[in-house]
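Hello,

Here is the structure I promised to hand over. Please open it first, then read my notes below.

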Amino acid sequence: MAGTVYQFPPSVKVKSGDTVTMHCQLNEVQSFCHTMAWVRVHPVSGIIDILQDSNNSHQTKEQVENPVCQASIYNAAVQDSGTYYCIATDREHMYLGNGTAVTVQADSTVMPSIDIMAFASSNNHGSTITLQCTVEGFAPSQVCVYWLIGSRKENGHILFVWEEGEENSVKTLNYVAVSAEEWKTEGQCTCVVKFGGWTFSKTLHHYDIQDTCYPLVSVTRIFALVVALLFFTTSSILAGRF
């Protein structure tokens, strides 16, 4: 088949709340805009979603012969970011556009949600503390996340988590591991998030982690002591009776 489908623009960046319009030009493809499908491939999860809104549902004879179809995203949100493809069918043949990469940037005046957690673990090489910084509310491509361990900078390891719900969202997770000795020596670790010229941070101190092992051991010992005393007292009473 000699027909081709050309999609434009190849990429677009807009702010949250703006309107995104994508075009798909059909060359020698006998199809209609109102029957064309638009799909989005999520940049992190790879999930494919169908875009319901499609314009140009009514076409003239000239437009049918060489139409330029379009689809719009109104009041775009960060969750709308992804690569969009137009799909046209001409009898038994299917044509796929070259894609439009859409990036919706969040409002820079909104502070991101930053949470820090710490996990203590022991192995043959000693004890380590794994720190986790979770950032929500921004597309992963829009933020830069790193750590300050005392005066030392660490990039950490990045992981993206896709969550489905009423509003699909992506969490950016950054992990870094430090030795227990360094954790106590430096005293604090800071997760730094940069976005749109703004810098946000959240700090976790070593005394924020409470070691629950020893209190649990103490409670166990107290319980065992109480049981032993009760056993000894009961035995003494029974021995006195006989």
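**What is in the model**

The protein chain has 3 helices and 17 strands. Both are DSSP runs, numbered from the N terminus: helices are H or I with at least four residues, strands are E with at least two. The model is predicted, so local features need pLDDT of at least 70 and side-chain atom pairs count only at pLDDT 80 or more, while totals for chains, interfaces and linings use all residues. Residues are numbered from 1 along each chain as its sequence is written, and side-chain values use heavy atoms, with hydrogens and water left out.

Some totals come next. The protein chain has 242 residues, and 32% of them are buried. Buried means under 20% relative accessible area, exposed means over 50%, and partly exposed lies in between (1.4 Å probe, protein chains only). The accessible surface of the chain is about 14,900 Å². Carbon and sulfur atoms own 56% of that surface. These areas come from the Shrake-Rupley method with a 1.4 Å probe; for residues, only the protein chains shown count as cover. Now take the contacts with a separation of 6 or more: 61% of them are between residues 24 or more positions apart. A contact means heavy atoms within 4.5 Å.

**The cores**

A nonpolar core is a set of buried Ala, Val, Leu, Ile, Met, Phe, Trp, Tyr and Cys residues joined through side-chain atoms within 4.5 Å. The largest one holds 21 residues. Met22, Leu26, Met36 and Trp38 touch the most other members. Strands S3 (20-27), S6 (68-73), S7 (82-90) and S9 (100-105) each supply at least two residues of this core. S3 gives the most, with 4 residues. Look at Met22: beyond four places away in sequence, Met22 touches residues including Phe8, Trp38, Leu51, Tyr84 and Val102.

Strands of a sheet pair through backbone hydrogen bonds, either parallel or antiparallel. Here 4 strands form an open sheet in the order S13-S12-S16-S17, with antiparallel pairing. S13 and S17 (198-205) stand at the edges with a single partner strand each, so one side of each has no neighbour in the sheet. The twist averages 25° from one strand to the next. Axes for such angles are lines fitted to C-alpha atoms, for helices over the stretch in contact, and angles run from 0 to 180 degrees between N-to-C directions.

Two strands count as paired if DSSP finds at least two bridges between them. Walk across the pairs:

- S16 (residues 188-195) and S17 share 8 bridges. Val193 stands opposite Phe200 in S17.
- S12 (residues 144-149) and S16 are joined by 6 bridges. Tyr146 stands opposite Val192 in S16.
- S12 and S13 pair over 3 bridges. Leu148 stands opposite Lys153 in S13.

The hairpin of S12 and S13 has 2 residues between the strands. In this hairpin, Gly150 takes a positive phi near 65°.

**Salt bridges**

A salt bridge is a side-chain nitrogen of Lys or Arg within 4 Å of a carboxyl oxygen of Asp or Glu. By this rule there are 5.

Asp49 bridges to Arg40, with the closest N and O atoms 2.7 Å apart. Asp49 is partly exposed at 25%, whereas Arg40 is buried at 7%. Arg91 and Asp90 meet at 3.2 Å, N to O. Arg91 is exposed at 62%; Asp90 is buried at 2%.

Glu182 bridges to Arg152, with the closest N and O atoms 2.3 Å apart. This pair links distant parts of the chain: Glu182 is in helix H2 (residues 180-186), Arg152 is in strand S13 (residues 152-154), and they are 30 residues apart. Arg152, Glu154 and Glu182 form one network through shared partners.

Most residues other than glycine have a negative phi, and most peptide bonds are trans. Which residues have a positive phi although they are not glycine? Glu28 has one of about 60°, and Asn75 has one of about 50°. Glu28 lies in the loop between S3 and strand S4 (37-41). Asn75 sits in the loop between S6 and S7. Glu28 is exposed at 58% relative accessibility, and Asn75 is exposed at 58%.

A cis peptide bond joins Phe8 and Pro9, with omega about -5°. Pro9 is in the loop between strand S1 (4-8) and strand S2 (11-15).

Best wishes
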